[in-house]
Amino acid sequence: MKDLKIGLSAIVVLGIIVGIGIGCTNYTIPDKNSDRISAASCEGCHTDYERLIEVHTPDTGAPSGGCGGTAPHYEPYDRVFMGGSGYDAFKTSGHYGIGCTGCHDGNGDTGEKDLAHSGDWISSPSMFHEEKCGKCHEEITQNFLTSLHNGTGQKRMVAMRSGLSGADEFDQLPAHQIEGYNNNCAQCHGTCGNCHVVRPPVGGGGLAKGHNFNKTPDMFNVCITCHVSRGGHAFLGVAPGTEPDVHLKKMSFDCLSCHDGHEFHGYGPPVDQRYAYTELPECEDCHSGIEEKNEYHHEHYDDFNCQVCHSQDYNNCGSCHIHGEGARVPSHQSFKIALNPLPDVKKGYDFALVRRTLAAPDNWKEYGVEEYANFDVHPMYNYTTPHNILRWTSRTNPDGSCSKNCHIRKQGDSLVNENLYLFLSDLEENWEISSSSHITVDGELPSWWPTE
């Protein structure tokens with residue numbers, strides 16, 4: 001135990017030295033051998049629960065929302081209280097040595113709320129991650145500028161449908177539309193702190209573990225909080241009639257079993273969308289040499305992605321108004337095979353599994369944009385790789401075959417398996433047809449399959 005105490009003390013001292021060394025603190029570290037913390041300090045207030053209740057400002061804005069629905073509510077004082085085992089861990093870290101004002105600026109030598117939060121004070125330092133995080137994490141913060149977690153993929157889609165060239169012109173959008181993006185899409189596309197310090201906004205916001213920095217984000221409280229509507233929904237087998245992904249059920253995988261920090265933080269060079277990353281995990285990374293494993297792999301290995309056979313029905317987003325009256329097409333379970341929407345990125349597949357996105361021409365009408373200027377630049381059905389893999393699905397059923405479970409065939413007066421494919425007749429609105437007709441399978445399936 002004595003050695004442990006010495007080790008923790010060394011960590012704290014190192015943290016203090018690091019904080020002073022990078023010139024980013026004017027904060028006095030409290031005496032670690034005393035339970036008393038000066039009331040005239042950031043920490044003195046934020047460790048005093050009754051004081052936080054007394055001085056808190058009630059919420060006035062609407063709760064965070066987004067694809068995952070309305071966020072759970074935490075009281076303002078609960079969101080900023082520093083306590084518990086997380087706070088204890090934080091006090092032994094190098095980040096603690098930087099001091100409160102090293103990241104948050106403001107005045108760290110007062111117990112008066114307005115004075116402490118005056119001047120250059122910022123509540124979320126990682127919103128300025130180049131300055132605040134980059135002093136110690138330079139490579140990561142530079143790469144993050146072009147990371148999809150920083151929103152470049154979604155910004156690209158919004159900008160291009162608005163008639164611009166891509167994410168680098170996002171700032172040219174009307175200010176009110178950017179406000180709409182920040183109030184909706186950006187609830188998940190966040191900052192360093194959203195994964196490593198606080199709950200993501202869609203998870204209720206506020207300190208997750210007493211201000212402790214989590215190097216490895218928790219799958220349930222971080223990853224699935226944002227990726228709930230499709231990723232977590234599928235991986236956990238939430239929908240009726242579905243099962244948890246085999247990688248979770250059989251091998252207890254979490255997100256980091258396949259995805260690494262370089263993928264989350266970005267590699268540096270900008271990419272148009274996530275499938276353009278050069279080091280994405282592939283099924284073949286673990287399942288090598290399966291091209292001839294059975295007759296179905298032999299026949300179809302180069303025809304389509306693995307999910308066409310091994311995914312379950314998948315949660316599709318429908319369509320919505322951003323901060324409007326809600327979805328015109330509700331979220332729903334579906335399974336559609338279409339022509340590969342990304343032939344230049346996901347090369348070699350004629351067909352791929354697709355999901356319906358929430359896009360619609362009037363997404364931003366509540367923010368002053370009646371219709372996208374160039375909605376058809378992207379289809380409203382996206383290439384998808386669901387995290388709901390099973391060895392045996394309705395298409396790989398060992399009691400059946402491809403011709404029985406996947407090929408379109410006639411049974412009496414009905415066509416069997418026709419519902420698996422995206423046909424022009426599945427597109428109802430004019431804007432659905434104009435944007436997505438080029439990836440429907442009409443005229444692209446084997447000539448010997450019946451079509452009516």
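This is a short talk on one protein chain and on what holds its parts next to each other.

Before the details, a word on the source: the model is predicted, local features need pLDDT of at least 70, side-chain atom pairs count only at pLDDT 80 or more, and totals for chains, interfaces and linings use all residues. Residues are numbered from 1 along each chain as its sequence is written, and side-chain values use heavy atoms, with hydrogens and water left out.

I start with the overall picture. The chain has 21 helices and seven strands. Helices here are DSSP runs of H or I with at least four residues, strands are runs of E with at least two, and both are numbered from the N terminus. Along the principal axes, the C-alpha atoms fill a box of roughly 80 × 55 × 40 Å. Of the 452 residues in the chain, 44% are buried. Buried means under 20% relative accessible area, exposed means over 50%, and partly exposed is in between, with a 1.4 Å probe and protein chains only. Then contacts, meaning heavy atoms within 4.5 Å. Among contacts between residues at least 6 apart in sequence, 63% join residues at least 24 apart.

Next, the helices. How many of the ten residues of helix α11 are buried? Eight of them are, so α11, residues 152-161, is mostly covered. The buried ones include M157, V158 and M160, and also the arginines R156 and R161. These buried residues pack against α12, which spans 175-183. After α11 comes G163, with a positive phi near 95°.

A second pair is helix α14, residues 219-226, and helix α15, residues 228-235. Their axes are 6 Å apart and the packing angle is about 125°. That makes α14 oblique to α15. For the angle words, under 35 degrees counts as roughly parallel, over 145 as roughly antiparallel, 65 to 115 as roughly perpendicular, and the rest as oblique. The axes are lines fitted to C-alpha atoms, for helices over the stretch in contact, and angles run from 0 to 180 degrees between N-to-C directions. On the α14 side, M219, I224, T225 and C226 take part, and they meet V228, G232 and F235 in α15.

Now the salt bridges. A salt bridge is a side-chain nitrogen of Lys or Arg within 4 Å of a carboxyl oxygen of Asp or Glu. The whole structure has ten of them.

One joins E54 and R51, at 3.8 Å from N to O. These two are three residues apart in helix α3, residues 49-55, which means about one helical turn lies between them. E54 is exposed at 62% relative accessibility, and R51 is partly exposed at 24%.

Another joins D426 and K336, at 3.6 Å from N to O. D426 sits in the loop between β7 and α21, and K336 in strand β3, so this pair ties together parts that are 90 residues apart in sequence. D426 is partly exposed at 27%, while K336 is buried at 13%.

What about R356 and E432? Their closest N and O atoms are 2.5 Å apart, and they form a salt bridge. R356 lies in strand β4, residues 351-356, and E432 in helix α21, so the pair ties together parts 76 residues apart in sequence. R356 is buried at 3%, and E432 is buried at 4%.

There is also a network of salt bridges that links D105, E131 and K132.

R355 is in strand β4. R355 is buried yet has no salt bridge, and the nearest side chain of opposite charge, E432, is 13 Å away. In this count Lys and Arg are positive, Asp and Glu are negative, and His and the chain ends are not counted. Leaving aside residues up to four places away in sequence, R355 touches R230, Y314, N316, C317, M380, Y381, N382 and T384.

Last, the cysteines. A disulfide is a covalent bond between the sulfur atoms of two cysteines. Here it is taken as a pair of cysteine sulfur atoms within 2.5 Å. How many disulfides does the structure hold? It holds zero. C133 is buried, at 18% relative accessibility. For C195 the closest cysteine sulfur is in C226, at 6.9 Å, again too far for a bond. C195 is partly exposed, at 29%.
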